[in-house]
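Biologist: I am new to this structure and would like to learn how to read it. Could you walk me through it, giving the general idea of each feature and then the case at hand?

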Amino acid sequence: MKAILTTIGKDRPGIVAGVSKYLASNDINILDISQTIMGDNFTMMMLVQVSDQTNFQQLLSELKQLGQQLSVTIDLRNEELYRAMQQL
């Protein structure tokens, strides 16, 4: 399953490294990435490949905990749901 992962927060060193390390340790492949810094604000959007056997709610919970550790907000949405929401 493809999913959209967003990360938003105050810019500081280690955000990309922290998120990427978590994804790699959970066999989640980054298919595409875009990030920018606007003033003091960091934003990143990733298209990731998640195993169909992954417990999506548990993954989301762990990513939100990671976001707290990194002082950012992390969200994850199924790409199909994201596209459907954009069409409304």
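**Reading the fold**

Modeller: Helix α1 (residues 15–25) lies across β1, β2, β3 and β4, and runs at about 20 degrees to β3. Please keep in mind that this is a predicted model. As for the other packing helix, α2 also packs on the sheet, where it touches β1 and β4, and its direction makes about 160 degrees with that of β4.

Biologist: In what order do the four strands form the sheet, and what is the sense of their pairing?

Modeller: The strands form an open sheet in the order β2-β3-β1-β4, with antiparallel pairing. Its edge strands are β2 (29–38) and β4, each of which pairs on one side only. From one strand to the next, the twist averages 15 degrees.

Biologist: Over how many bridges do β1 and β3 pair, and which residue of β3 is the bridge partner of Thr7?

Modeller: Strand β1 (residues 2–10) pairs with strand β3 (residues 41–49) over nine bridges, in the antiparallel sense. The partner of Thr7 in β3 is Met44.

Biologist: Turning to charged side chains, how should I read a salt bridge, and how many does the structure hold?

Modeller: The general idea is a side-chain nitrogen of Lys or Arg within 4 Å of a carboxyl oxygen of Asp or Glu. Here there are two salt bridges. In one of them, Asp75 is joined to Lys64, with their closest N and O atoms 3.8 Å apart. Asp75 belongs to strand β4 (residues 72–78) and Lys64 to helix α2 (residues 56–70), so this pair ties together parts that are eleven residues apart in sequence.

Biologist: What relative accessibility do Asp75, Lys64 and Arg77 have?

Modeller: Asp75, at 23% relative accessibility, counts as partly exposed. Lys64 counts as partly exposed at 39%, and Arg77 counts as partly exposed at 35%.

Biologist: Is Glu79 buried or exposed, and which residues does Glu79 touch beyond those up to four places away in sequence?

Modeller: Buried means under 20% relative accessible area, and Glu79, at 15% relative accessibility, therefore counts as buried. Glu79 is found in helix α3 (residues 79–87), and, leaving aside residues up to four places away in sequence, Glu79 touches Lys2, Ala3, Ile4 and Leu47.

Note on methods. Residues numbered from 1 in each chain as written. Predicted model: local features only at pLDDT ≥ 70, side-chain atom pairs only at ≥ 80, totals over all residues. Heavy atoms only, no water. Helix = DSSP H or I, 4+ residues; strand = E, 2+ residues; numbered from the N terminus. Buried < 20%, exposed > 50% of the residue type's maximum accessible area, 1.4 Å probe, protein only. Contact = heavy atoms within 4.5 Å. Pairing = 2+ DSSP bridges. Axes fitted to C-alpha atoms, helices over the stretch in contact; angles between N-to-C directions.
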